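Here are my notes on this entry. Please read them with the structure open.

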Amino acid sequence: MKHLIHFNDFVLENRKNKPNIKKKVKKINKVINKQYDKIEKETARAKELASKPDVTDKMSATLSRMKVQLAQAEAQKQAARKNVEIKKAQIRTAKDQAKSGDELEKKAKETKKEESDK
């Protein structure tokens, strides 16, 4: 008599490439955190330079504000990338579960046939 394995074990066993979504999300979160740190630093620098009367300081403050905008755009881009990776993983998991469910049903039918033949 054949023994059926548990559903989760079956899903993990049949997975050829096991992408680690947790590592990807962790990396992306690191990038996002760096961007937010950069935003804080550049915002403080822009405020400091804007209060000085020198023209070059005012221009540097404007440059700092532009860097803040760039960092914000990059943070938004990374957040979107993180959401895409999460959705991909969810879709992959759903497909694997559907596929393994079908295969488990087939194996269950085969074992029932074998038992009824005996």
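1. Basis. This is a predicted model, where local features need pLDDT of at least 70, side-chain atom pairs count only at pLDDT 80 or more, and totals for chains, interfaces and linings use all residues. Residues are numbered from 1 along each chain as its sequence is written, and side-chain values use heavy atoms, with hydrogens and water left out.

2. Fold. The chain has 3 helices and 0 strands. Its order along the sequence is α-α-α. Helices (H or I, at least four residues) and strands (E, at least two) are DSSP runs, numbered from the N terminus.

3. Contacts. Take the contacts between residues at least 6 apart in sequence: 76% of them join residues at least 24 apart. Contact means heavy atoms within 4.5 Å.

4. Burial and surface. Of 118 residues, 20% are buried (under 20% relative accessible area; exposed is over 50%, partly exposed in between; 1.4 Å probe, protein chains only). The accessible surface is about 9600 Å², with 54% belonging to carbon and sulfur atoms. Areas come from the Shrake-Rupley method.

5. Positive patch. Lys23, Lys26, Lys27, Lys30, Lys34, Lys77 and Arg81 form a patch of positive charge on the surface. Patch residues have over 30% relative accessible area and no salt bridge, with like charges joined within 9 Å.

6. Who supplies the patch? Helices α2 (21-50) and α3 (55-117) each give at least two residues. α2 gives the most, with 5 residues.

7. Lysine 77. This patch member sits in helix α3. Lysine 77 is exposed, at 53% relative accessible area.

Definitions and conventions. Patches are made of residues with over 30% relative accessible area and no salt bridge: like charges are joined within 9 Å, nonpolar side chains (Val, Leu, Ile, Met, Phe, Trp, Tyr) within 5 Å. Accessible areas come from the Shrake-Rupley method with a 1.4 Å probe; for residues, only the protein chains shown count as cover. A salt bridge is a side-chain nitrogen of Lys or Arg within 4 Å of a carboxyl oxygen of Asp or Glu. Lys and Arg count as positive and Asp and Glu as negative; His and the chain ends are not counted. The place of a charge is taken as NZ of Lys, CZ of Arg, CG of Asp or CD of Glu.
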